[in-house]
Amino acid sequence: MMNPSRPTRRDILLRTPLNRLRLTLRTPPLSRCIAALYRELAAAGIPFRPSCYLSNAWGCPDRVPLIGIPFYLSRADLSLLHREMGYDVEAPAVIMRLLRHEAGHAVCYAYRLYARADWRRVFGPFHKAYCDQYVPDPFSARHVVYGKHYYAQKHPDEDFSEAFAVWVDPASGWERRYAGTPAGEKVRFVRDLVRKACGGAPPVQGGRADAPVGRMRFTLLDYYGATPSEHRRQVSEYRDAILGRLCAAPRRAARGDDAARIMRRHAAAVIDRVAFWAGMPRRTVAALFRDLVRRAGQLGLRMPARNPSGALIDLASLLTFYTFTYAHTRRMPLR
């Protein structure tokens, strides 16, 4: 019988400072993904191999050719905890996509490509101010779409890195996909520029890492702000409040229609529209919607009688709000 006063392995993990966990990049899938990235760079004719380090998020420090990788990808127990806290954990295919993007930054910084006149002519001024609240154009033919949220449209630096990632990805099929478009011309420019300017040792190597795990003295409990059980309670309260804006308890809408049934009836149309306009992967929006439907059924919620178009508008509005909450916090409000 377990001693309730004795801390569990989970308790110890939550309360140990991150810099004492002895995390490493030499574990799968990270080790395999980094090795695959280096092979792709070699195949592209790039001799530079950007160093990787564990951090609190994906990133490449400003004009420093290093790649920061989230610490939770370094161990299976950390990945599991990350999921329990409602966050996505990147699959190997997504890790590769993000590594290629960050490698684009690293190569750009290592060879100072951003200072070239031809780079600025194609992508714009490197020192342009960043704006997190940019409004993407989903129909743009001037930018590649490789990651989420039309990220190439955010800033010239991101535009280059996304085009670089598309180029080095052997499975992207960019020549066919972007044939005859300005986006395709950008990828072709990246290919020609890198082959011309990145053949030798880079003038910039190394530098100061941004938020390396070795300097993280906070605990996972500090990082997440709650235990998994506390998070599940918060999610349940939040989700029920969201559903309360659309549905009513059985006693208050006895003559209404079953909310879960109506939601399932309109699922495909609502998910498709929200995924398109929010710029989110359809599978993510579908998972969020399924969670709302499941909870509505558990609570026995009902929708007051109304016309189908009104129900569709309400459902789309509700899911859009729920989806943008996820996009803003990067937390999946599930489980």
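**Reading a predicted model by its terms**

Tutor: Let us begin with Tyr 53, which stands opposite Gly 68 in E2. The model is predicted, so local features need pLDDT of at least 70 and side-chain atom pairs count only at pLDDT 80 or more, while totals for chains, interfaces and linings use all residues. Residues are numbered from 1 along each chain as its sequence is written, and side-chain values use heavy atoms, with hydrogens and water left out.

Student: What makes E1 and E2 a pair of strands?

Tutor: Strands (E, at least two residues) and helices (H or I, at least four) are DSSP runs numbered from the N terminus, and two strands pair if DSSP finds at least two bridges between them. E1 and E2 run parallel and are joined by 5 bridges, so they meet that requirement.

Student: Why is E2 called largely enclosed?

Tutor: A residue is buried under 20% relative accessible area, exposed over 50% and partly exposed in between, with a 1.4 Å probe and protein chains only. In E2, 5 of the 5 residues are buried, so the strand is largely enclosed by the rest of the structure. In a regular strand the side chains alternate between the two faces of the sheet. Leu 66, Gly 68 and Pro 70 lie on one side of E2, Ile 67 and Ile 69 on the other, and all of them are buried.

Student: What makes Arg 63 partly exposed?

Tutor: The relative accessible area of Arg 63 is 36%, so this residue counts as partly exposed. Arg 63 is found in the loop between strand E1 (51-55) and strand E2 (66-70), and has a positive phi of about 60° although it is not a glycine.

Student: Why is Arg 22 called exposed?

Tutor: Arg 22 has a relative accessible area of 79%, and therefore it is exposed. Arg 22 lies in the loop between H1 and H2, and its phi, near 55°, is also a positive value in a residue other than glycine. Most residues other than glycine have a negative phi, and most peptide bonds are trans. Pro 29, found in the loop between helix H1 (9-15) and helix H2 (30-43), is joined to Pro 28 by a cis peptide bond with omega of about 5°.

Student: Is Asp 118 buried or exposed, and how do you know?

Tutor: At a relative accessible area of 14%, Asp 118 is buried. Asp 118 is found in helix H5 (residues 117-123). Contact means heavy atoms within 4.5 Å, and, not counting residues up to four places away in sequence, Asp 118 touches Phe 189, Leu 193 and Lys 196.

Student: What is Phe 276 called at 33% relative accessibility?

Tutor: Phe 276, in helix H12 (residues 267-278), counts as partly exposed because its relative accessibility is 33%. Leaving out residues up to four places away in sequence, Phe 276 touches Pro 138, Phe 139 and Tyr 150. The C-alpha atoms of Phe 276 and Pro 138 are separated by 8.2 Å, although these residues are 138 residues apart along the chain.

Student: Which residues meet where H4 contacts H6?

Tutor: Among them are Ala 103, Gly 104 and Val 107 in H4, and Phe 160, Ser 161 and Phe 164 in H6.
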